[in-house]
Amino acid sequence: MDPHGGPDSPQSPNAEPGLIDLVGRVASDALDLLKQEGRLATLQARDVFVAALWGSLRVGVPIALAAIAGVLLVIGGVAWLTESLGSLWAGTLVAGGSLLLVALVLLALAALSLKPAPRVQPSVPAPPDGDDGRPKLVTGGE
């Protein structure tokens, strides 16, 4: 190397980069890559969150509306039964009993659709021949 700025000096445009310069560039590129990966992960997480939010709204809003409609239907049914049977208690009991029957049928259908968990036998090693697994009493006379 020429310390006076010749063709092989570090200040020369034709000079090959040194090891320290290459390590510095690799570290800089790695840092840039980590920053870009962080930004990408943030954008992906945001996309997943937005998709989950819209999915929950698409499912939750109809369920809430169905629940409100169900409550109104029960109130209307109790009022109709009360008027038909002539007693508030009779109308309420008939409506409650029919709702209980529907709930039990739905629970039975749900229970039938569940698959039983596979049975797993625990693996216990067999004791060696002549060993029943109990600790042995060791005496000094034997």
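Predicted model: local features only at pLDDT ≥ 70, side-chain atom pairs only at ≥ 80, totals over all residues.
The paragraphs below start from the chain as a whole and then follow the two helices.

The secondary structure consists of two helices and zero strands. Of the 142 residues in the chain, 6% are buried. The accessible surface comes to about 12700 Å², and 70% of that area is supplied by carbon and sulfur atoms.

Helix α1 runs over residues 19–85. Its 67 residues reach 96 Å from the first C-alpha to the last, close to the 99 Å expected at 1.5 Å a residue. A salt bridge joins the side chains of Arg25 and Asp21, with a distance of 3.0 Å from N to O. Both residues belong to α1 and sit four residues apart, which is about one turn of the helix. In general, an α-helix has 3.6 residues a turn, so residues three or four places apart point the same way. Side chains of opposite charge can pair when their charged atoms come close. A search of the whole structure finds one salt bridge.

The patch is formed by Phe49, Val50, Leu53, Trp54, Leu57, Val61, Leu65, Ile68, Val71, Leu72 and Ile75, which together have about 1100 Å² of accessible area. One of these residues, Val50, is found in helix α1. With a relative accessible area of 38%, Val50 counts as partly exposed.

Which residues of α1 are buried? They are Val78, Leu81 and Thr82. For Thr82, the relative accessible area is 18%, and the residue therefore counts as buried, since the cut-off is under 20%. Leaving aside neighbours within four places in sequence, Thr82 is in contact with Ser87, Leu88 and Gly91.

Gly86 follows α1 and has a positive phi, near 85°. Ser87, one of the contacts of Thr82, also caps the N-terminal end of α2, where a side-chain oxygen of Ser87 lies 3.4 Å from the backbone nitrogen of Trp89. Helix α2 itself has 26 residues and reaches 38 Å from its first C-alpha to its last, close to the 38 Å expected at 1.5 Å a residue.

Conventions
Residues numbered from 1 in each chain as written. Heavy atoms only, no water. Buried < 20%, exposed > 50% of the residue type's maximum accessible area, 1.4 Å probe, protein only. Areas by Shrake-Rupley, 256 points an atom, 1.4 Å probe, with all protein chains shown as cover. Contact = heavy atoms within 4.5 Å. Salt bridge = Lys/Arg side-chain N within 4 Å of Asp/Glu carboxyl O. Expected span 1.5 Å × (residues − 1). Patch = residues over 30% accessible without salt bridge, like charges linked within 9 Å, V, L, I, M, F, W, Y side chains within 5 Å. Polar contact = N/O pair within 3.5 Å; in protein donor to acceptor, adjacent residues only side chain to side chain.
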